[in-house]
Amino acid sequence: MSDRVLTSPQFGISLIKSRYNYFFEENSYSVFMSILLTISYFLLHAFIKLERIDFNNAFYRYFPQLKPNRFRLGDPLRFMIQLLFLTLVKFKRDSKEVREKETKYSIFKILPLFIDWAIRFDKWFTLRVRQSLNKEINESTQTGFQKLTAADFWENPHITKILLAAVLFLLAIFITVPFSLEAQAIFVSLILFIAYSLRGIEGPLPTIVMITLSVTTSTRYIWWRFNETLNWGDPIALFLGFGLLAAEAYAWFILILGFFQTIRPLKRKPVKLPKDTSSWPTVDVYIPTYNEPLSVVKPTTISALALDWPEDKLNVYILDDGKRDEFKQFAAEIGVGYIVRPTNFHAKAGNLNHAMRYTDGDLIAIFDCDHVPVRSFLQMTIGQFVEDPKMCLVQTPHHFFSADPFEKNLGNFAQIPNENMLFYGLIQDGNDLWDATFFCGSCAVIRRSAIEEIGGFAFETVTEDAHTALKMQRKGYRTAYINIPQAAGLATDSLSTHVGQRIRWARGMAQIFRVDNPLLGRGLSLSQRFCYLNAAMHFFSGIPRIVFLTAPLALIYFDAYIIYAPFLAILLYVVPTLMQVKITNSRIQGKWRYSFWGEVYEAVLAWYILKPTTVALFAPNKGKFNVTEKGGLTDKDFYDWEISKPYLFLATINLIGLIIGVFRIFFGDPVQIGVLLISMAWALYNFMILGAAIAVAAEAKQVRRSHRISADFPAAIRDTHGRTFKVRVTDFSDVGVGVSLPADDLIKIESDIELIMSRGRRQFSFPCKVINARKNRAGLILSDLSLEQEKNYIESTFSRADAWLTWQDNFTHDLPSESFKHVRQTSVRGFKSLILHAPENAKKYITKIGNILILVGSFMPQKPKLGNLNYESAN
Amino acid sequence: MNRVFFKGIKGGTGTTSIIANIATLLAQSKHSVLCIDLDPKNELCLHLGHQWHNQIGWSNKAIDADANWSDSAFINEDNVKYVPFGSESTNTFALCTLLNQSKRLNLEANSWLLFDVPSHISLEELPLDENDLIINIVTCDAGCYSQIKKGHSGSNGFYLINRFNASNPLELDVYQIWRANLNQLAPFFIHFDSSVPEALAAKNVLINCSPLSVVKEDFQALASWLNNKRKSLSNSL
Ligand SMILES: Nc1ncnc2c1ncn2[C@@H]1O[C@H](COP(=O)(O)OP(=O)(O)OP(=O)(O)O)[C@@H](O)[C@H]1O
Ligand SMILES: [Mg+2]
């Protein structure tokens, strides 16, 4: 339209009028603006041939704040500001080529290059030597360096001791010797240089080097803090400074323990079972339940029955603490045991102990009633028990097919690794190396005789599972972890229930530390004690996290120098240490936890686990078992003001601190500017983390009661006329499936069809109704299934052996800068959602302030959107 | 040369449809295929696009030492060669002669020779040798079940389930029993699909008319199964 108006040959008044109409009618500007625009259009037109300028392609990229066809009064000013900005600052094209070029010539490539040369030289040298000695050369020939490292000589205990002593001595020097600032600068740049260089090299050796470097720098940092940065002259600063130092010491301790715990994840493989099935052990499957609806327990029970195991060696029991007739009837119908007890003493542990009196399988598999096992579960786990008579526990990961509250409320389900993944993907595998696998209460198999030996499942604490494993490990039993998801369940679905669950875990771990401290007592190896210590310490993160979230305010509010050191020293100690630790952790954990998210998760929980852990430490018997509610439904978006109070409070004081900081920079003592800036940067970072925590409390509605699980396996349908089509199932839930058809519009909406799925060589057909169909996609809803059909349905969906196998492969390795961006965006979203959910009368003011901010912001210069500009003329 | 005898364990199990489809599939993947209809109903040619008023087949030729019945072979668009039964009646002797002569036909190496054997003919009376494959077509119903239970004659061949419909509990039960007890059951089945009769109405076969059907996949499974059987047979020689 506009093209025609711009180019049509018209003259005189009619031309002016058409211009005016163009602005007034077609673009609905006000009368005033339209007149103004018309006049300026013709004025401009006298000098510049406007239609010659390629507006859409170049101009608006350089002036992103100007919108095509939307002229605003301030635009000339915006134009000037941006023009000034563009002339002063040079921009690189954000194209792939430039980035590739940059990474190609980075200084961090130097070290890898040298290493590469060294390896090549080593090979070449070996070759030469062998040639001159006339020895043959093949693939398996060791190079000189390999020979050197593999020599027996290193195994000699004296040599190892001497080496160890030497390393420790060196470490001690690097940690304790005070450096001048220049020396420290050189030291940290060297270490960072090595660390950044090694980042791109694969393999365990660089990891170990990076860990060593991190241990050195962080320990040096703590040493420095202890010795040189406490302000003994100022009691307030000393007190606060000690607080911060204690929190830092905690973080340092966790860091070191964490390195130890995950130094070499075991990645255990399943052990093959003997051919002769008669030698296989008998297995009882326990499904404890208390108040969950039958619809949740049903799939679990059915899948448990369908486990690949000789029928006469498999018994399934529902342990119903809710004592419901409906369950009893279901159990009878489907043919599983049903065990109830007169009381509900000792919650889950009591329930399991009671059931053990009525069953007699060699092994006990435990599934929380909402964890649906796949058919291969026993095949993957039992081999360990057959092979090792001292094996008492095999744990598999808890995998969730629904979004946890973080994923749901932040809308990033299956996009970034969730909170659980670090534990089940890395830490448990790390624990396994030290024979300290944690029992997580579900998706695990336990040896009956081991439980009997410790007098039943531990009931002294609210985390009966961890404590039970600890007791068995004390008796010299071994544990194993198999990192292959063999069951899946519902995640907690609101932040408050999630927090409730974590409170219980935290309280439980604190209780274990009181009643059966893993550091004391007999039967554990030192490494096992360390692993338990780390697990427990993890739950004491409440106080340190809050200290970190408030520490920078000490200087801003009270002028308290909590790190009593010159600005430059702080900069040279804090920042490099943080960077070093961050990149090392990113390397170790990057597949299972993205940078900065750990802080968000901790910030969310900090306040809530603070009290229960502290209370449990002093009075371990206080605190009762609360069941986490699952399968709930929130039918509209709402903001959980109650739970977010602590984050809001912390965010507010950080914000106020930032404002005060700005004032102090302009009007305060100029000497303080450096430390003020550091404190403010830290407060800003805290503010960002808290914003992300705030975003989590914005509860997203959840309308679909049945969670759709994405999948990809073949099936078939038979339509009303009896024609068959092969299809692929793209997702399924307990009430329906989504399919992709081999061509468009094959089936009609509302029609009744049959869905045909197979399990092994068996085949089942399910009556379905087509509830939606678009192109080659269709949604089917199962029509009333009989119990038998329901059984078959679950067997051919939920308990497919490959159902959850790909969950870990979906994520790329962490990129700290990307992750930072993501957290920042989330944080902004969090504050926006606050505005959205603010009470009505406050909203008006907030939107006014917001509008003003947006207006001010629109005058700010912006980075041109160069993107992939494919021609040069715009310059 | 690979001779395969398809025979319905009773009438109407789908033998003719299966031969027509598998022949087309094999021919499309560049095998040489010759089908010979031994059924006086003379239906096979209709599946293969034969002109229905042309009633000439091998039974109309004199069965003598020259084997000039092979002149009555046709070839269709899919390169399937076929010999219709024709319109005369025959006797066991003629059948035996035909079968014996079929071994000496001048065909490419590794050609498939598929026979449509009507359910009333007993294969035991015919001159087969041990390299011949026999595939009994069954459906999961009481009729076939009792036939097999009685010790049905063609027990030396394989059993292939046709028209399988998992929504019928009776069929599921029969299938379960056979799967557990019938050693010679082929490890797959052919689904029920109304496109099979629809294809015949178009004088064609399902794998051409409904390429998206599951049954096409079933026939592909059958084809590769046949290929494997043939390989293991020729290896054992
Ligand atoms: N897989 C199938 N799904 C649905 N219908 C089928 C299928 N196979 C065959 N039919 C149908 O069953 C009927 C009988 O098929 P066909 O004539 O091939 O059987 P037959 O065993 O050769 O019979 P006869 O014993 O009379 O020679 C036909 O209408 C055919 O279309
Ligand atoms: Mg027939």
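A salt bridge, as I use the term here, is a side-chain nitrogen of Lys or Arg within 4 Å of a carboxyl oxygen of Asp or Glu. I note at the start that this is a predicted model, in which local features need pLDDT of at least 70 and side-chain atom pairs count only at pLDDT 80 or more, while totals for chains, interfaces and linings use all residues. Residues are numbered from 1 along each chain as its sequence is written, chains are lettered from A and ligands numbered from 1 in the order in which they are written, and side-chain values use heavy atoms, with hydrogens and water left out.

**Entry 1: salt bridges**

I began with A:Lys582 and A:Glu599, whose side chains meet in a salt bridge at 3.3 Å, N to O. A:Lys582 lies in helix α25 (residues 567-589) of chain A and A:Glu599 in helix α26 (residues 597-618), so the pair ties together parts that are 17 residues apart in sequence; I take helices (H or I, at least four residues) and strands (E, at least two) as DSSP runs, numbered from the N terminus. For accessibility I call a residue buried under 20% relative accessible area, exposed over 50% and partly exposed in between, with a 1.4 Å probe and protein chains only. A:Lys582 is then partly exposed at 27%, whereas A:Glu599 is buried at 15%.

I then looked up A:Arg341 and A:Asp321, which form a salt bridge at 2.8 Å, N to O, and both residues are buried. A:Lys348 and A:Asp368 form another, with the closest N and O atoms 2.9 Å apart, and these two are also buried. A:Lys348 lies in helix α15 of chain A and A:Asp368 in the loop between β4 (363-366) and β5 (371-373), so this pair ties together parts that are 20 residues apart in sequence. Over all chains, the search finds 33 salt bridges.

**Entry 2: aromatic pairs**

I paired rings of Phe, Tyr and Trp (its six-membered ring) if their centres lie within 6.5 Å, calling planes under 30 degrees apart stacked, over 60 edge-to-face and the rest tilted. The count comes to 39 aromatic pairs over all chains. The rings of A:Trp232 and A:Phe242 have centres 6.3 Å apart and planes at 85°, so I recorded the pair as edge-to-face. A:Trp232 is exposed at 60% relative accessibility, and A:Phe242 is partly exposed at 36%.

The rings of A:Phe732 and A:Phe798 have centres 5.1 Å apart and planes at 80°, so this pair is edge-to-face.

**Entry 3: where chain B touches chain A**

How many residues does each chain give to the contact? Taking contact as heavy atoms within 4.5 Å, I found 24 residues from chain B and 18 residues from chain A. The two chains bury about 1700 Å² between them, 49% of it on carbon and sulfur atoms, where buried area is the accessible area (1.4 Å probe) that two parts lose on being put together, summed over both. In chain B, B:Arg179, B:Leu212 and B:Val214 lose the most area to chain A, together 29% of what that side buries.

I counted two salt bridges between chain B and chain A. A:Arg723 forms a salt bridge with B:Glu198, the closest N and O atoms being 3.5 Å apart.
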